[in-house]
Amino acid sequence: MDIMETIKNQIADNNVILYMKGSPDAPQCGFSMKASQAVMACGQRFAFVDVLTNPDIRANLPKYANWPTFPQLWVGGELIGGCDIITEMHEKGELKTVIDAAVPDEA
């Protein structure tokens, strides 16, 4: 499968996905740390992709998203943005609302 198709499928298959450097438990840069903490604080499960261990995704996601930097948060198939936007939305209480709306209630 072509890398752009892989990225498209990852975004389609996960209601909330964070492309970051490292993992939420072991972020590899300050921006990824702040972003993952904000997403975790929303209380919903989310997927993540470590772009440091996935060089093809790291090289191609900025082209796919038309967004040059990491981390990148995708919710409901839409790019939310990077660290600054994620942090700002979290501080305003908007991030939890957006994430909660994208995650189906589990029965």
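Me: Exposed means over 50% relative accessible area. In this predicted model, is Lys92 buried or exposed?

Reply: Happy to work through this one! The cut-off for exposed is over 50%. Lys92 has a relative accessibility of 53%, so this residue counts as exposed.

Me: Which residue forms a salt bridge with Lys92?

Reply: Let's start from the helix. Helix α4 covers residues 83–92, and it holds both Lys92 and a residue four places away, about one turn of the helix. The closest N and O atoms of the pair are 3.3 Å apart, and the partner of Lys92 is Glu88.

Me: How many salt bridges does a search of the whole structure find?

Reply: One of them joins Lys92 and Glu88. Asp100 forms a salt bridge with Lys96, with the closest N and O atoms 3.0 Å apart. Asp100 and Lys96 are four residues apart in helix α5, so about one helical turn separates them. Searching the whole structure gives a count of two.

Me: Is Ser32 buried or exposed?

Reply: Ser32 sits in helix α2, which spans residues 30–41. Buried means under 20% relative accessible area. Ser32 has a relative accessibility of 0%, so this residue counts as buried.

Me: How far does the backbone nitrogen of Lys21 lie from a polar atom of the side chain of Ser32?

Reply: Good one to look for in the structure! Leaving aside neighbours within four places in sequence, Ser32 is in contact with Met20, Lys21, Pro27 and Pro71. For Lys21, the backbone nitrogen and a polar side-chain atom of Ser32 are separated by 2.9 Å.

Methods:
Residues numbered from 1 in each chain as written. Predicted model: local features only at pLDDT ≥ 70, side-chain atom pairs only at ≥ 80, totals over all residues. Heavy atoms only, no water. Helix = DSSP H or I, 4+ residues; strand = E, 2+ residues; numbered from the N terminus. Buried < 20%, exposed > 50% of the residue type's maximum accessible area, 1.4 Å probe, protein only. Polar contact = N/O pair within 3.5 Å; in protein donor to acceptor, adjacent residues only side chain to side chain. Contact = heavy atoms within 4.5 Å. Salt bridge = Lys/Arg side-chain N within 4 Å of Asp/Glu carboxyl O.
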